[in-house]
Amino acid sequence: MQPNPTLLISPDEIAATVVRLSTLIDQDYAGQELVLVGVLKGSFVFLADLMRQLQTPVVRVEFIRLSSYGAGTVSSGSVAVQATVDPAIVSGKHVLVVEDIVDTGRSTTKALALLQDMQPASLQMVALLDKPERRELPVTIDYLGMTIPDRFIVGYGIDWDEKYRQLPGIYAVD
Ligand code: PRP
C-alpha cells in the first residue's frame with residue numbers, strides 16, 4: 001500500500017449505508033422476489049452484505065464478469081463479457097444488478113444491456129459508490145450509496161492490482 005492511505009469510508013459508515021439501501025429496496029420490492037446479479041469481481045463483498053440485510057426474498061444470486069478494453073483511453077474503451085447468466089434465469093424475474101462502483105459507466109451500461117436482452121420483468125441497479133466526475137456514459141443508479149470524489153480507492157472488495165479487496169473500510173491511495 002502507498003504510504004498514508006486515507007480512510008474515506010469507515011466500516012460503520014458502509015454498514016449504515018447498506019442498511020439504508022436495503023430498506024429502500026425492501027420498500028420498492030414489497031411482495032416480490034429478487035434475482036441479484038453481481039458484477040465481478042468488485043461487487044462480491046457489497047452483495048454479500050446487502051443480501052443479508054434484505055428482507056425481500058432473494059431467490060437467486062448470479063454473477064457476470066466483464067473486462068474492459070482500452071483502459072486509459074477516453075473514447076475507445078469497450079467492455080467484453082467474460083461470463084454471463086443463463087437467460088432463462090433472468091427472463092420474467094425482478095432483477096437487481098449489484099455494483100460496487102460506477103466510474104465511466106461502461107461496465108454498468110454493458111451489464112444492463114446484457115440483462116435487458118434477457119427480458120426480465122424489471123431491471124434496476126444498486127451501486128455502493130459513484131464517481132460522477134469520471135462518467136463517460138449516462139447511467140441511472142436506482143439505489144446509490146455514496147458519491148465520492150475522483151480518487152483511487154481500495155477496500156471492501158475493490159482492488160489495486162488485485163490486492164486490498166479484504167480491507168473492511170474504503171481507502172484512498174492516490
Ligand atoms: C470496477 C468496478 C466496476 C467497474 C466500474 O471493476 O468493480 O465493475 O470497474 O467502472 P466503469 O464504470 O468505468 O465501467 P474492474 O473492471 O476494476 O474489475 P474488478 O471488479 O474485477 O476489480
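Contact, as used in these legends, means heavy atoms within 4.5 Å. The model is predicted, so local features need pLDDT of at least 70 and side-chain atom pairs count only at pLDDT 80 or more, while totals for chains, interfaces and linings use all residues. Residues are numbered from 1 along each chain as its sequence is written, and side-chain values use heavy atoms, with hydrogens and water left out.

View 1. S67 lies in β3, which spans residues 58-69; strands are DSSP runs of E with at least two residues, and helices are runs of H or I with at least four, numbered from the N terminus. Apart from neighbours within four places in sequence, S67 is in contact with S78, V79, A80 and Q82. S67 counts as buried because its relative accessibility is 14%, the limit being under 20% relative accessible area (1.4 Å probe, protein chains only).

**View 2. Polar atoms facing the ligand.** Polar contacts here are pairs of N or O atoms within 3.5 Å. A polar side-chain atom of T104 is 2.5 Å from a ligand oxygen. For D103, a polar backbone atom lies 2.8 Å from an oxygen atom of the ligand. An N or O atom in the side chain of R65 is 3.1 Å from a ligand oxygen.

Notes. Polar contact = N/O pair within 3.5 Å; in protein donor to acceptor, adjacent residues only side chain to side chain. Buried < 20%, exposed > 50% of the residue type's maximum accessible area, 1.4 Å probe, protein only.
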